[in-house]
Amino acid sequence: QGLSVLDKSLISQQIQCMAWDRVHQNYSLDGCNVTAVTLFSVTCACNHLTTFAISHNTWARVCGNGRTDIGEQCDDLNFFSGDGCSSRCQTEGDYICYGSPSQCVST
């Protein structure tokens, strides 16, 4: 079963692909990215040969879920800028945003 664009975006914000850093003996986000997400799989791409792991943090802050989380000024349940709440969940220009999910009005 496929995921909606919104679901894929929310999940991909919670998932990280990490490479093993042999020098520091820990996992690092450097050089690895999530390239695809389905209900049952995650695809990672790294720009170097590595041993990698996938981390899924269900408590990670997610922009676009309709809930204004720490670090967000608004969250209007979408990923589009120009409507008062940016794609990074920050209030735009002369807008005031309120509620959950956020509704934004120009002042």
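This is a predicted model: local features need pLDDT of at least 70, side-chain atom pairs count only at pLDDT 80 or more; totals for chains, interfaces and linings use all residues.
Cys63 counts as buried, because its relative accessibility is 5%, under the 20% limit for that class. A search of the whole structure finds five disulfides, and one of them joins Cys63 to Cys89.

**Overall make-up**

- Read from the N terminus on, the elements of the protein chain follow the order α-β-β-β-β-β-β-β.
- The protein chain has 107 residues, and 28% of them are buried.
- Among contacts in the protein chain with a separation of 6 or more, 36% are between residues 24 or more positions apart.

**Disulfides**

- With the bonded cysteines of the protein chain numbered in sequence order, they pair as 1-3, 2-4, 5-8, 6-7 and 9-10.
- In the disulfide of Cys63 and Cys89, the S to S distance is 2.1 Å.
- This pair links distant parts of the chain, 26 residues apart, with Cys63 and Cys89 both in the loop between β5 (52-56) and β6.
- The disulfide of Cys63 and Cys89 is right-handed because the torsion about its S-S bond is about 95 degrees.
- Cys89 has a relative accessibility of 0%, so Cys89 counts as buried.
- Another disulfide is formed by Cys17 and Cys44, with their sulfur atoms 1.8 Å apart.
- Cys17 in strand β1 (residues 15-21) and Cys44 in strand β4 (residues 42-46) are 27 residues apart, and their link connects distant parts of the chain.
- The link of Cys17 and Cys44 is left-handed, with -70 degrees about the S-S bond, and both cysteines are buried.
- Cys97 and Cys104 are also joined by a disulfide, with an S to S distance of 2.0 Å.
- The link of Cys97 and Cys104 is right-handed, with 110 degrees about the S-S bond, and both of these cysteines are buried.

**Around Ser28**

- Ser28 is part of strand β2 (residues 26-28).
- Ser28 counts as buried because its relative accessibility is 16%.
- A polar atom of the Ser28 side chain lies 3.1 Å from the backbone nitrogen of Asp30.
- Apart from neighbours within four places in sequence, Ser28 is in contact with Cys17, Met18, Ala19 and Asp21.
- Of these contacts of Ser28, Cys17 is bonded to Cys44 in a disulfide.

**Salt bridge**

- The count of salt bridges comes to one.
- Arg67 and Asp69 form a salt bridge, and their closest N and O atoms are 2.8 Å apart.
- Arg67 counts as partly exposed because its relative accessibility is 48%, while Asp69, at 16% relative accessibility, counts as buried.

**Surface and N-terminal helix**

- Ile96, Tyr98 and Val105 make a nonpolar surface patch of about 280 Å².
- Ile96 lies in strand β6 (residues 95-98).
- Ile96 has 47% relative accessibility, so Ile96 counts as partly exposed.
- Val5 belongs to helix α1 (residues 5-14).
- Val5 has a relative accessible area of 70%, which means Val5 is exposed.
- Val5 and Phe79 are 74 residues apart in sequence, and the distance between their C-alpha atoms is 10.0 Å.

Terms used: Residues are numbered from 1 along each chain as its sequence is written. Side-chain values use heavy atoms; hydrogens and water are left out. Patches are made of residues with over 30% relative accessible area and no salt bridge: like charges are joined within 9 Å, nonpolar side chains (Val, Leu, Ile, Met, Phe, Trp, Tyr) within 5 Å. Accessible areas come from the Shrake-Rupley method with a 1.4 Å probe; for residues, only the protein chains shown count as cover. A salt bridge is a side-chain nitrogen of Lys or Arg within 4 Å of a carboxyl oxygen of Asp or Glu. Helices (H or I, at least four residues) and strands (E, at least two) are DSSP runs, numbered from the N terminus. Buried means under 20% relative accessible area, exposed over 50%, partly exposed in between (1.4 Å probe, protein chains only). A polar contact is a pair of N or O atoms within 3.5 Å; within protein, one must be able to donate a hydrogen and the other to accept it, and residues adjacent in sequence count only if both atoms are side-chain atoms. Contact means heavy atoms within 4.5 Å. A disulfide is a pair of cysteine sulfur atoms within 2.5 Å.
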